[in-house]
Amino acid sequence: MGNVAPSTEWLQECTLRELSDRMDSGELTSVELVMAYMEHIAAFDRQGPRLNSILEMNPDALDIARALDVERSTRGPKGALHGIPVFLKDNIDTCDKMHCSAGSLALADSCPEKDSFVAFRLREAGAVILGKTNMTEWANFMTDGMPNGYSSRGGQVLNPYGPGKFDVGGSSSGSGAAVAANLAVLAVGTETSGSILSPACSNSIVGIKPTVGLVSRAGIIPISHVQDTAGPLARTVTDAAILLGVLAGQDPSDPATLAGPEEPIDYTKYLDPLGLKGIRIGYPRHLLDRLDLGYRGVITSAIDAIEGSGGELVEIAMPARPQWRSEALKHEFKVDLNAYLRRLPPEVPVNSLREVIKFNTHNPEKMLKYGQTILVASEATDGTLGDPRYIESRLDDLRSSRAQGIDRLLREHCLDAIVFPQIFGAAIAARAGYPSLTVPAGYGSDGNPLGVMFTAGAYSEPLLIKIAYAFEQVTKARRAPIMDF
């Protein structure tokens, strides 16, 4: 192909509903859509700006799309995702010819035998799993100082708004960059603390970090059974809400999901353009001081739009800022990762965290560009979750983030939700296991994407979607990246 611009301008910024409508009318087939996205990927991911967001493509994607086209013509569509290509982060299992490695060469030959619950739900909904996205290795739980978007297996992901200039966010960086650059309309990321919200904010898209347990973690390479979740990345709140409705659901293999809604939720019912009217939203205005001077005006104007749309901003003070990485995670990572790795076939070269560290040590040029300090620290824990320091750390995290944190603020100020500049509240919401949603808010004078994040209590996704949709409609801040050849 060479450096030739793709002939698919019609696809630029197409929404999920627009694509579905075209397929319903017979104007477009799933095969044609998959091929159009493949053309974009060929032009922009390894050529042109070289975003490096896609780790591997699904070799069966066109065959799956062809079968879904036949099904649409004979039995009708399964739903809004019928025939729609979706990317998955490279720590989500699929039972096909694709690998699942968390970005590590140690798992480069690992092909899961069973779908994750997320992959199962997508296939059940008629989606085409187009491929796997690059990510920060081990979901940014490998070493201190690891750049967002870097992995030994995939190299460095770049931000389409400023390749090599702006941070791409982590660790679902490939998913964020791919959606922003229109290499797919949807992607699934995972988060322990900021790993959906960060790339969404950095790449000017919408990211939903659900309540822990709303989406099953089964079949996802873990960090923490307390904080991990998968969630949607999309260019619009509507598309993210549709994808969330597909992903959410109870799964007997993940006990956390059994506390969630028993019946499927249609989150599109909460897409209300007047959704900010009468809503009380806490705003920790002091956090603006953490932004560069040139960005503060953009965020202030965007948040002022809440009041302009009938919402009420209530100034609040947040608790002391938590670090994104809790001490408890080191203990949970060893236990949870070992449980995942020991289920892999014996031909996979690593079946424990200790073996991962050994593999890396024996291949330092490829594996230890930035070190493995976190892996080593995690291996040094007792691996039982019985250490009093672990128990005290995790219980303190839960108390300080819930009863003494978000719950207290919502109650004392009679708030519906809290809004943060960028994603400055991601760590406290992550420790609480509460949902957060980030929406584009504008761009700095240098073109750097900026966003805001909304947070509330457990299972408040309908409220957050309502607020975020109304905010999106009044600000209309997102614009597509310009990717010159």
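**Exercise 1.** Which element gives the most to the lining of the second largest pocket, and with how many residues?

*Solution.* The structure is a predicted model, and the pocket in question has a volume of about 700 Å³. Of the 28 residues that line this pocket, the closest to its centre are Ala218, Gly219, Ile220, Tyr340 and Arg343. Turning to the elements, those that give two or more residues to the lining are helix H4 (117-124) and helix H9 (327-341). Of the elements, H9 gives the most, with 3 residues. Sorted by class, the lining has 13 nonpolar, 5 polar and 10 charged residues.

**Exercise 2.** Determine whether helix H5 is covered, and by what.

*Solution.* Taking buried to mean under 20% relative accessible area, one finds that 8 of the 8 residues in H5 (173-180) are buried, among them Ser173, Gly176 and Ala180. The cover over these residues includes strands E1, E2, E3, E6 and E8, together with helix H6 (197-202). Just after H5, Asn182 takes a positive phi of about 65°.

**Exercise 3.** Work out which strands stand at the edges of the open sheet, and why one side of each is left without a neighbour.

*Solution.* The 11 strands follow the order E1-E3-E2-E6-E8-E7-E12-E13-E11-E9-E10, with mixed pairing. E1 and E10 (312-315) stand at the edges, and each has a single partner strand, so one side of each lacks a neighbour in the sheet. Within the sheet, E12 (436-443) and E13 (449-455) pair in the antiparallel sense over 7 bridges, and Ser436 has Thr455 of E13 as its bridge partner. Helix H2 (30-44) packs on the sheet by touching E1, E2 and E3, its direction making about 15° with that of E3, whereas H4 lies across E2, E3, E6 and E8 and runs at about 180° to E2.

How values were computed
Residues are numbered from 1 along each chain as its sequence is written. This is a predicted model: local features need pLDDT of at least 70, side-chain atom pairs count only at pLDDT 80 or more; totals for chains, interfaces and linings use all residues. Side-chain values use heavy atoms; hydrogens and water are left out. Buried means under 20% relative accessible area, exposed over 50%, partly exposed in between (1.4 Å probe, protein chains only). Helices (H or I, at least four residues) and strands (E, at least two) are DSSP runs, numbered from the N terminus. Contact means heavy atoms within 4.5 Å. On a 1 Å grid over the protein atoms alone, a cavity is a set of points where a 1.4 Å probe fits but cannot get out, and a pocket is an open set with protein on both sides within 12 Å along at least five of seven lines; lining residues have an atom within 4 Å of a point. Grid points are joined across faces, edges and corners, and a volume is the space filled by probe spheres set on the points. Ala, Val, Leu, Ile, Met, Phe, Trp, Tyr, Cys and Pro count as nonpolar, Asp, Glu, Lys and Arg as charged, and the others, Gly among them, as polar. Two strands pair if DSSP finds at least two bridges between them. Axes are lines fitted to C-alpha atoms, for helices over the stretch in contact, and angles run from 0 to 180 degrees between N-to-C directions.
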